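Have the structure open as you read.

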Amino acid sequence: MKIDNKIITKLNKCSNKYAIITGGTGRIGGIFINLLLNSGCKVISLSRRKNEFNTFKKDLSPKLQKKLSWYSFDITKNESINKLVSFINKKNIKVDLLINNAAPSARGEDFKYNENFLLNEFMGVLGGSILLTEKLLPIIRKNKFSKIINVGSVWGIKAQRRKVYLEMDIGPSIMTSAGKSGILNFTKFLAAREAKFGITVNSLIPGWFPRPGPVQREDYISNICSNIPLGRIGKIDDLISPISFLLSDGSKYYTGQSLIVDGGSTIW
């Protein structure tokens, strides 16, 4: 994914810093990575599928490619989290920024759970990010002015409206809503506890940024827009300045907060 450098908010140079991001090569994760690389930061992208990472990396300039690496990671598996932390410690990588972005989850208000589905989705939406953060914090605390950014969802602060999804039933599952709500309070808890180490912790809450499908459902998009005061779905460019703010030194007095970018949909 390419981002026009003209609309990238200037970030503080951080050539000696390392960032780790889960789910880094998706649409939102890709913005984080592009901004971090352009600021000079070295980035480790964590995900399950290397082919998607390779496709993402090919769109970057050779200069930026050198600062980006990949590590196989499954946030739903405790053993994968432990393996990553061992790797970070073995390589003596200092982690200045942690972005918890990955959230594999089910879809549908009527999703049928059994114990395995419930536990797996809990780990994907909330539990895995908590475990990863707690196990990396001894490293993060060693650095000055470190940051943790959690990517939440509007479904963590409001209930879904089923009729928006027409007959498709592709809205958030019950665990998605509960887990994303947990992310917001996890953010506040961490911000209070980690302030003494100079660590800021915030959440980004994107609103409606639907992925383009093979067939564009204009009736679905129209339904979404009718629930947004600004009358349109979000564009990826709408997230660049908010993410830039969270990453920059301009947010050094900003912690425990949730930055909502939703066209106003949560005010109704």
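Five bridges join strand β1 (residues 18-22) to strand β2 (residues 42-47), and the two run parallel. Within this pairing, Thr22 stands opposite Leu46 in β2. Helices (H or I, at least four residues) and strands (E, at least two) are DSSP runs, numbered from the N terminus, and two strands pair if DSSP finds at least two bridges between them.

This is a predicted model, where local features need pLDDT of at least 70, side-chain atom pairs count only at pLDDT 80 or more, and totals for chains, interfaces and linings use all residues. Residues are numbered from 1 along each chain as its sequence is written, and side-chain values use heavy atoms, leaving out hydrogens and water.

The open sheet has seven strands in the order β3-β2-β1-β4-β5-β6-β7, with parallel pairing. Its edge strands, each pairing on one side only, are listed here.

| Edge strand | Residues |
|---|---|
| β3 | 68-72 |
| β7 | 258-261 |

From one strand to the next, the twist averages 20°. Helix α6 (residues 174-194) packs on the sheet, touching β5 (147-151), β6 (200-206) and β7, and its direction makes about 160° with that of β6. Contact means heavy atoms within 4.5 Å; axes are lines fitted to C-alpha atoms, for helices over the stretch in contact, and angles run from 0 to 180 degrees between N-to-C directions.

The axes of helix α5 (residues 115-140) and α6 come within 9 Å and cross at roughly 15°. That makes α5 roughly parallel to α6, a term for angles under 35 degrees. Residues of α5 that meet α6 include Leu118, Phe122 and Val125.

Key:
Parallel < 35°, antiparallel > 145°, perpendicular 65-115°, else oblique.
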